[in-house]
Amino acid sequence: MRTGFYMCLVSCALCLGYDCAFAQSYPARPVRVLVGLAPGGGTDTYARIISGKLTETLGQQFIVDNRPSAGGNVAGELAAHAVADGYTLLVATPTSVINAHLFSNLRYDVLKDFAPVVQLVNSQFVLSVRASVPVSSVKELIALAKAQAGKLAYASSGVGSSNHLAGELFKTLAGIEMAHIPYKGAGPALGAVLAGEVGVIFSSSASVIGHARAGRVRMLAVTGPKRTPIMPEIPTIAESGVPGYSVTGWYGLVAPVKTPRAVVGRLNAAVNDSLPALRERYASLGADVSGGTAAEFGAFLRNEHEKWGRVVKLSGARVE
């Protein structure tokens, strides 16, 4: 992994004097980190972990600003139209690329209006049920859903969110009906499950693992193509009777597209230098650290944009 000093030199080689000087003094004041979901969910948790470490590393506060409205589009629009000076960042998630296919009236373009900074972590979603739901496996959940003929419901962090589409894909491949109940963020969605309003949820492991350990929810399966070494005892949905099912989550930082490349390089270097120290903390929440170059994250975003476009089309979901 490259050192911060080396990356800063590389970044400065790509820019003119003013940008170099600006990058070397960056950050000179607090940095706002926009999160398009409510406090308490996985995205918020992951953002607060890296923000705390960057505060320590770079000597200025990185402040998480939650804007849980319009499926993350309020945060996305604020970030896209912010001054491109490195003092406004956005936590990008699968929802960031899903919305490009879901909403017909977006006032920003996730691929054109942002400069990729770095991928933070990868994680799998977890299919969980409230402890009082009488199932202990995916097969039993499918049987219950068929027996209840659409009465079973699952919560999500909003229409078109990645955990909404994870549920829609599950319904399609499992041949069942479950009502979808959207909430304003992952935290409120999980709160509804804990309160007994909804029985099922697809959520980040970060948000649900503590409740599972306390016996309030039961984790049935992970959504990725293979079991995670973090929770090797939890099977995948695919191996639990729904072949072909695979959905993964990811989280990264982007900045307004005209942010100086040297500043993007400084941020990228700081995150890459910080992630090894956070590996165990993220792992305890079910996430694997990523890192890498800004260019690699940009290529990843383009691939995710294409993939989720296909999933949205399959689900038939649309927001006008």
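Biologist: How do you know that strand 5 and strand 6 pair, and which way do they run?

Modeller: Two strands pair if DSSP finds at least two bridges between them, and 4 bridges join strand 5 (residues 153-156) to strand 6 (residues 179-182), so they count as a pair. They run parallel, and Ala-153 stands opposite Ala-179. Strands here are DSSP runs (E, at least two residues) and helices are too (H or I, at least four), numbered from the N terminus. Bear in mind that this is a predicted model: local features need pLDDT of at least 70, side-chain atom pairs count only at pLDDT 80 or more, and totals for chains, interfaces and linings use all residues. Residues are numbered from 1 along each chain as its sequence is written, and side-chain values use heavy atoms, with hydrogens and water left out.

Biologist: Why is helix 3 called oblique to helix 10?

Modeller: Helix 3 (residues 42-58) and helix 10 (residues 261-283) pack at about 120 degrees, with axes 9 Å apart. Axes are lines fitted to C-alpha atoms over the stretch in contact, and angles run from 0 to 180 degrees between N-to-C directions. Under 35 degrees is roughly parallel, over 145 roughly antiparallel, 65 to 115 roughly perpendicular and the rest oblique, so this pair is oblique.

Biologist: Which residues make that contact?

Modeller: Contact means heavy atoms within 4.5 Å. Among them are Tyr-46 and Ile-49 of helix 3, and Arg-266 and Ala-270 of helix 10.

Biologist: What is the peptide bond from Tyr-26 to Pro-27, cis or trans?

Modeller: That bond is cis, with omega near -5 degrees. Pro-27 lies in the loop between helix 2 (17-25) and strand 1 (31-35).
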